[in-house]
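Dear colleague,

I am passing the structure below to you, and my notes on what was found in it follow directly after. Please read them with the coordinates open.

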Amino acid sequence: QVQLVESGGGLVQPGGSLRLSCAASGIIFSIYAMGWYRQAPGKQRELVARIFSGGTTYYADSMEGRFAISRDNAKNMVYLQMSSLKPEDTAVYYCNAWKSRGAGEVEYWGQGTQVTVSS
């Protein structure tokens with residue numbers, strides 16, 4: 001059974017920092033691209049950052065320079081370090097595991113962790 005369990009969300013003041021963690025189990029973690037998505041109320045889920053199995057990273061434009069994604073294949077963990085947080089970063093943040101399989105793909109999601117940026 002695949003599980004992605006996020007932690008580290010909470011309430012933070014504008015300009016503050018948070019580190020999200022995602023613990024993965026039930027998959028061969030090292031071969032999956034891992035990502036963080038977020039969904040704000042009334043908005044579509046959007047990609048925040050992704051880290052591929054080889055370590056290459058990708059960031060959405062508005063996040064690059066403020067957020068940093070990393071992974072520890074030995075611990076089956078992926079992290080999102082967020083800094084200079086803004087109220088518009090308020091959202092539920094989801095961990096995602098993805099890999100291609102033949103002509104299709106395999107994808108798993110965590111339950112999400114709430115991040116609220118407010119004074």
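A disulfide is counted here when two cysteine sulfur atoms lie within 2.5 Å, and by that criterion this predicted model holds one. The disulfide joins Cys22 to Cys95, with an S to S distance of 2.1 Å, and since the torsion about the S-S bond is about -85°, the disulfide is left-handed. Because Cys22 belongs to strand β3 and Cys95 to strand β9, the bond ties together parts that are 73 residues apart in sequence. Cys22 is buried, at 0% relative accessibility, and Cys95 is likewise buried at 0%.

Asp89 lies in the loop between β8 and β9, and is buried with a relative accessible area of 0%. The side chains of Asp89 and Arg66 are joined by a polar contact of 2.7 Å, and, with neighbours within four places in sequence set aside, the residues in contact with Asp89 also include Arg38, Phe67, Ser84, Val115 and Val117.

As for the aromatic rings, the structure holds two aromatic pairs. In one of them, the ring centres of Tyr32 and Tyr108 are 6.2 Å apart with the planes at 50°, so the pair is tilted; because Tyr32 lies in the loop between β3 and β4 and Tyr108 in strand β10 (residues 104-109), this pair ties together parts that are 76 residues apart in sequence. Tyr32 is buried at 6% relative accessibility, whereas Tyr108, at 28%, is partly exposed. Tyr37 and Trp109 form an edge-to-face pair, 4.8 Å centre to centre and with 65° between the planes, and as Tyr37 lies in strand β4 and Trp109 in strand β10, the parts tied together are 72 residues apart in sequence.

Finally, two arginines are placed over rings: Arg45 lies over the face of Trp109, at 4.6 Å from the ring centre, while the charged end of Arg71 sits over the ring of Phe29, 4.6 Å from its centre.

Terms used
Residues are numbered from 1 along each chain as its sequence is written. This is a predicted model: local features need pLDDT of at least 70, side-chain atom pairs count only at pLDDT 80 or more; totals for chains, interfaces and linings use all residues. Side-chain values use heavy atoms; hydrogens and water are left out. Helices (H or I, at least four residues) and strands (E, at least two) are DSSP runs, numbered from the N terminus. Buried means under 20% relative accessible area, exposed over 50%, partly exposed in between (1.4 Å probe, protein chains only). A polar contact is a pair of N or O atoms within 3.5 Å; within protein, one must be able to donate a hydrogen and the other to accept it, and residues adjacent in sequence count only if both atoms are side-chain atoms. Contact means heavy atoms within 4.5 Å. Rings of Phe, Tyr and Trp (its six-membered ring) pair if their centres lie within 6.5 Å; planes under 30 degrees apart count as stacked, over 60 as edge-to-face and the rest as tilted. A charge sits over a ring if NZ of Lys or CZ of Arg is within 6 Å of the ring centre and within 35 degrees of the ring normal.
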